Amino acid sequence: MSAFRLIAAMLLMTVAGLHPARAQAPLIADLDDHLIAITTGFAGADVLLFGTTDGPGDVIVVVKGPVADVEVLRKERVGGIWINRKGLGFQNVPAVYMMASSKPLAALLPDDQRAFYQMGIENVRMVPVSPDDSDLKLFSQALIRAKQTSGLFSDQPARILFIGDRLFRVNLRVPSTVPTGTYLAEVYLVRDQKIVGAQTTPLVISKIGFGADIYDFAHRHSAAYGVIAILVALFAGWMAHLAFRRR
């Protein structure tokens, strides 16, 4: 988002806040761009979320989605070879989970409220296929670590900055490994350890350009794509062979 667009948006919200609030919402928030285009060489992106409140308070932002089923496998060494021995499936696992807050979460809401609104990695609801599995905790921790390692789960909330006591903004970093899909940015206004306002705004991440065409072709015509990939690999190997023969 350009500096001009940000300033214009802030001015509009400021002017709106100066008028008598007949039915003014306690919280208004938006993104600078609702579409992130993944092109060749995509290295991640920054998304600006900004907004205004109807008075002093704190703000919490939760960005997550889309959900999918995930299976976590545990490797064991058998006869000197590492193989997958046991697995546990989880349902409704968000592909990405990011957070931001104006203050530490523990100072804003009690434990039960944070759990209800899935605030914090420890409160993300990942439904195990076998809830009575004796190794459930180990598999859950392994899944979260894998998400954190790939940059898809943020363990530390980003800092929301206030301009005055009403206008706020935060930059959210979208990693290069982010999958395509529709995400939801949930924004909450907190006062006296209670949520007094909330708003949800969508964020779409989509492939465009030549890379998107290849991705679409691979999913629509998987058999043909496999044959083409093999032919390209054979051709590349043949060209490399000729290059080495000339030396």
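A residue is called buried when its relative accessible area is under 20%, exposed when that area is over 50%, and partly exposed in between; the legends below use these words for a predicted model.

**View 1. The whole protein chain, as a predicted model.** The protein chain is built from six helices and 11 strands, and buried residues account for 34% of its 247 residues. Of the contacts between residues at least 6 apart in sequence, 70% join residues that are at least 24 apart. The accessible surface comes to about 14,900 Å², and carbon and sulfur atoms contribute 59% of that area.

View 2. The average pLDDT of the protein chain is 79, and 70% of the residues reach a score of at least 70.

**View 3. The salt bridge between D54 and R191.** This pair forms one of the five salt bridges that the structure holds, and its closest N and O atoms are 2.5 Å apart. Because D54 lies in the loop between β3 (45-53) and β4 (58-78) while R191 belongs to strand β10 (residues 181-191), the pair ties together parts that are 137 residues apart in sequence. With a relative accessible area of 31%, D54 is partly exposed, and R191, at 24%, is partly exposed as well.

**View 4. The salt bridge between K103 and D58.** Here the closest N and O atoms are 3.7 Å apart. K103 sits in the loop between β5 (81-101) and α2 (105-108), whereas D58 is part of strand β4, so that the pair links distant parts of the chain, 45 residues apart. K103 is partly exposed, with a relative accessible area of 44%, whereas D58 counts as buried at 14% relative accessibility.

**View 5. The salt bridge between E186 and K64.** The side chains of these two residues meet with an N to O distance of 3.1 Å. E186 lies in strand β10 and K64 in strand β4, and this pair, too, links distant parts of the chain, which are 122 residues apart. Both E186 and K64 are buried.

Terms used: Residues are numbered from 1 along each chain as its sequence is written. This is a predicted model: local features need pLDDT of at least 70, side-chain atom pairs count only at pLDDT 80 or more; totals for chains, interfaces and linings use all residues. Side-chain values use heavy atoms; hydrogens and water are left out. Helices (H or I, at least four residues) and strands (E, at least two) are DSSP runs, numbered from the N terminus. Buried means under 20% relative accessible area, exposed over 50%, partly exposed in between (1.4 Å probe, protein chains only). Contact means heavy atoms within 4.5 Å. Accessible areas come from the Shrake-Rupley method with a 1.4 Å probe; for residues, only the protein chains shown count as cover. pLDDT is the predictor's confidence in each residue, from 0 to 100. A salt bridge is a side-chain nitrogen of Lys or Arg within 4 Å of a carboxyl oxygen of Asp or Glu.
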